[in-house]
Amino acid sequence: MITSNNFTSAIKIRLQGGRRSRQQKQPLPPQYGYGQGPQFFDDTTNIYPNLQFQGQPPGPGWNNQTFGQPSFPGQQILGDPMAAMAMQYGQTLAGQGKVIVNEKLEKFVSVSKLKYYFAVDTAYVAKKLGLIFFPFTHSDWSVHYNQEEPVAPRYDINAPDLYIPSMAFVTYILTAGYLLGTQNKFSPEQLGIHASSALAWLTIELAIILLALYVLNIGNSLKVLDLTAFCSYKYVCMIAAVLASLIFSSLGYFAVLCYCSLSLDFFLLRTLRVSLLSQSTSDHYGGGSRRSLYLLLVLCVVQPFIMYWLTRHLVLDVGVQSNVME
């Protein structure tokens with residue numbers, strides 16, 4: 001028979017067993033990662049599985065490590081064999097186009113031949129300028145050859161070059177701009193007008209000479225660049241005449257212009273005579289030589305007029321300004 005004491009003890013034992021079982025089923029406390037505090041956000045490291053990190057994956061102490069940038073979708077395109085083949089094909093087409101352009105340019109202006117006219121040094125420039133201003137004492141005017149090719153200008157003072165003409169042309173434009181500035185007439189448009197005017201007269205002069213050589217059937221060894229060089233040496237004389245006007249006004253200008261015209265004509269006459277008259281053997285009566293001589297004389301006579309036409313407005317205005325100031 002169960003007594004009250006036994007019933008009470010049985011109930012206590014049952015209650016203690018239930019409490020003990022609930023304590024055993026209680027969930028464990030959360031394990032926090034990286035040795036830090038509680039994790040407030042979910043782990044999202046595997047949301048984008050295609051992103052590849054360069055370096056070590058995140059782990060304990062990740063704040064002290066530096067991770068690389070994730071790869072972008074363009075890397076897959078660059079790594080595609082078809083894309084690499086297309087890029088290589090494009091580079092091949094570009095190289096072929098460059099070769100075609102160079103071949104087309106070589107038909108009109110040969111770069112290798114153009115370099116010949118700029119093969120100069122300081123000694124050549126000084127001697128050439130002295131020859132243009134003082135050609136009366138020079139005796140040997142023939143151009144020297146090396147295996148049927150003319151030697152570079154740095155080795156032959158009689159060889160034509162384009163360095164001095166190009167530098168003289170630029171200096172003439174700058175000098176004209178300075179003179180216009182002294183007259184309060186300077187503007188960028190004026191520099192363009194002077195440059196285009198000088199180039200236009202040079203082009204017309206070359207066209208007339210080439211046409212005359214063709215019509216008169218004059219044999220010569222001159223090339224277009226040779227004629228360009230000889231016709232452009234007048235810019236050196238133009239600079240000297242304009243600079244003289246700054247010191248001696250219009251009187252110095254006309255004096256220097258007359259002397260430079262004489263020296264330039266003598267220089268052209270002795271230089272071009274070797275190329276024109278020596279090969280003008282069109283008939284047995286010397287008709288080709290006479291035509292060449294006439295053409296050469298006309299060329300020499302025209303140079304002073306072109307020099308005066310391109311510089312007269314600069315110098316005459318300076319003279320008027322000086323008279324007004326007095």
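User: I'm new to this one. Over residues 193-215, how much of the chain is helix and how much is strand?

Analyst: Over residues 193-215 the chain is 100% helix and 0% strand, with the end C-alpha atoms 33 Å apart. Keep in mind that this is a predicted model. Residues 293-310 can be read in the same way: 100% helix, 0% strand, and 26 Å between the end C-alpha atoms.

User: Which residues does the UniProt annotation "transmembrane region" cover?

Analyst: According to the unreviewed UniProt entry, that annotation covers 162-181, 193-215, 227-247 and 293-310.

User: Next, helix packing. How are two packed helices described?

Analyst: You give the angle between their axes and the distance between the axes. Here, helix α8 (residues 224-232) and helix α9 (residues 234-276) pack at about 145 degrees, and their axes are 9 Å apart. On the α8 side, F230, C231 and S232 make the contact, while α9 brings K234, Y235, F267, L268, T271 and L272. Sorted by class, the residues of this contact are six nonpolar, two polar and one charged.

User: How many aromatic pairs turn up in the whole structure, and how is such a pair described?

Analyst: For any pair of aromatic rings, you quote the distance of the centres and the angle of the planes. A search of the whole structure gives 14 aromatic pairs. One of them joins F230 and F267, a tilted pair with 6.5 Å centre to centre and 50 degrees between the planes. F230 sits in helix α8 and F267 in helix α9, 37 residues apart, so to speak a link between distant parts of the chain.

User: What is the volume of the largest cavity, and which residues line it?

Analyst: The count comes to one cavity of 30 Å³ or more. The largest cavity has a volume of about 60 Å³. Its lining is made of I209, L213, L222, L227, L272, L276, L295, L296 and L299. By class, that lining has nine nonpolar residues, no polar ones and no charged ones.

User: Which helix gives the most to that lining?

Analyst: That's α10, with three residues. At least two residues each come from α7 (188-215), α9 and α10 (287-325).

How values were computed. Residues are numbered from 1 along each chain as its sequence is written. This is a predicted model: local features need pLDDT of at least 70, side-chain atom pairs count only at pLDDT 80 or more; totals for chains, interfaces and linings use all residues. Side-chain values use heavy atoms; hydrogens and water are left out. Axes are lines fitted to C-alpha atoms, for helices over the stretch in contact, and angles run from 0 to 180 degrees between N-to-C directions. Helices (H or I, at least four residues) and strands (E, at least two) are DSSP runs, numbered from the N terminus. Contact means heavy atoms within 4.5 Å. Ala, Val, Leu, Ile, Met, Phe, Trp, Tyr, Cys and Pro count as nonpolar, Asp, Glu, Lys and Arg as charged, and the others, Gly among them, as polar. UniProt positions are given in the numbering used here, feature names are shortened, and annotations may be inferred rather than shown by experiment. On a 1 Å grid over the protein atoms alone, a cavity is a set of points where a 1.4 Å probe fits but cannot get out, and a pocket is an open set with protein on both sides within 12 Å along at least five of seven lines; lining residues have an atom within 4 Å of a point. Grid points are joined across faces, edges and corners, and a volume is the space filled by probe spheres set on the points. Rings of Phe, Tyr and Trp (its six-membered ring) pair if their centres lie within 6.5 Å; planes under 30 degrees apart count as stacked, over 60 as edge-to-face and the rest as tilted.
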